[in-house]
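Hi everyone, thanks for coming.

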Amino acid sequence: GMRIKESLNTIKAISKRELAAYFGSAVAYVFIVIFLLLIGFFTFYLSNWFEAGQADLRGFFQWHPWGFLFLIPAVAMRLWAEERRLGTIELGLTLPVSPWEVILGKFIAAWLFITIAIALTFPMIFTVSYLGDPDLGAIICGYVGSILMAGAFLSVGSMTSSLTRSQVISFIIAVVTCLFFI
């Protein structure tokens with residue numbers, strides 16, 4: 001029981017540190033703004049959302065995988081490649097924490113970060129609610145599915161990041177792999 005509690009505390013500490021590192025850099029804000037702009041552009045211009053005359057978010061969610069295709073590998077590519085390049089991975093792995101705690105901690109931080117980006121699309125819900133009477137159950141399911149898909153793409157990106165020192169190579173392999181899943 002104690003060991004699990006210690007592990008959870010360790011994972012929580014690593015996640016907090018990683019999440020703080022994301023928001024400590026301008027990259028995080030650029031990522032979120034690009035994601036929101038892309039999703040908005042895809043939804044309103046490419047889906048002919050207003051012309052469809054339907055108050056639902058189908059046209060919004062159908063673009064999520066394509067937005068994730070580039071943005072999630074961009075978040076994931078620095079997860080491990082950066083640490084290997086800087087040589088801080090050895091330091092991290094010699095501390096009294098097990099590798100799976102570090103992996104889970106980093107994964108949770110990145111997933112939370114992406115979830116925040118997805119959550120910031122919430123004005124869409126008000127927009128469709130104002131225009132019509134949408135099925136909120138379908139919208140909630142759409143968001144849950146979107147967050148889970150982001151987690152799946154992130155795990156692919158984490159793997160490619162761990163395989164190479166180069167962030168660019170990690171990014172490209174992750175994009176190609178995720179493209180197969182779409």
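**Salt bridges between helices**

Let's start with Glu18, which counts as buried at 5% relative accessibility; buried means under 20% relative accessible area, exposed over 50%, and partly exposed in between, using a 1.4 Å probe and protein chains only. Before going on: this is a predicted model, where local features need pLDDT of at least 70 and side-chain atom pairs count only at pLDDT 80 or more, while totals for chains, interfaces and linings use all residues. Residues are numbered from 1 along each chain as its sequence is written, and side-chain values use heavy atoms, leaving out hydrogens and water.

So which residue forms a salt bridge with Glu18? That is Lys106, with the closest N and O atoms 3.2 Å apart. A salt bridge here is a side-chain nitrogen of Lys or Arg within 4 Å of a carboxyl oxygen of Asp or Glu. This pair links distant parts of the chain, since Lys106 is in helix H7 and Glu18 in helix H1, 88 residues apart. Helices are DSSP runs (H or I, at least four residues), numbered from the N terminus. Lys106 is buried too, at 3% relative accessibility.

Now to Arg3, which is partly exposed at 47%. Arg3 meets Glu101 in a salt bridge, 3.4 Å from N to O. Arg3 lies in helix H1 and Glu101 in helix H7 (residues 99-119), so the pair ties together parts 98 residues apart in sequence. Glu101 is buried, at 1% relative accessibility.

Arg3 also forms a salt bridge with Glu6, and Arg3, Glu6 and Glu101 are linked in a network.

Conventions. Helices (H or I, at least four residues) and strands (E, at least two) are DSSP runs, numbered from the N terminus.
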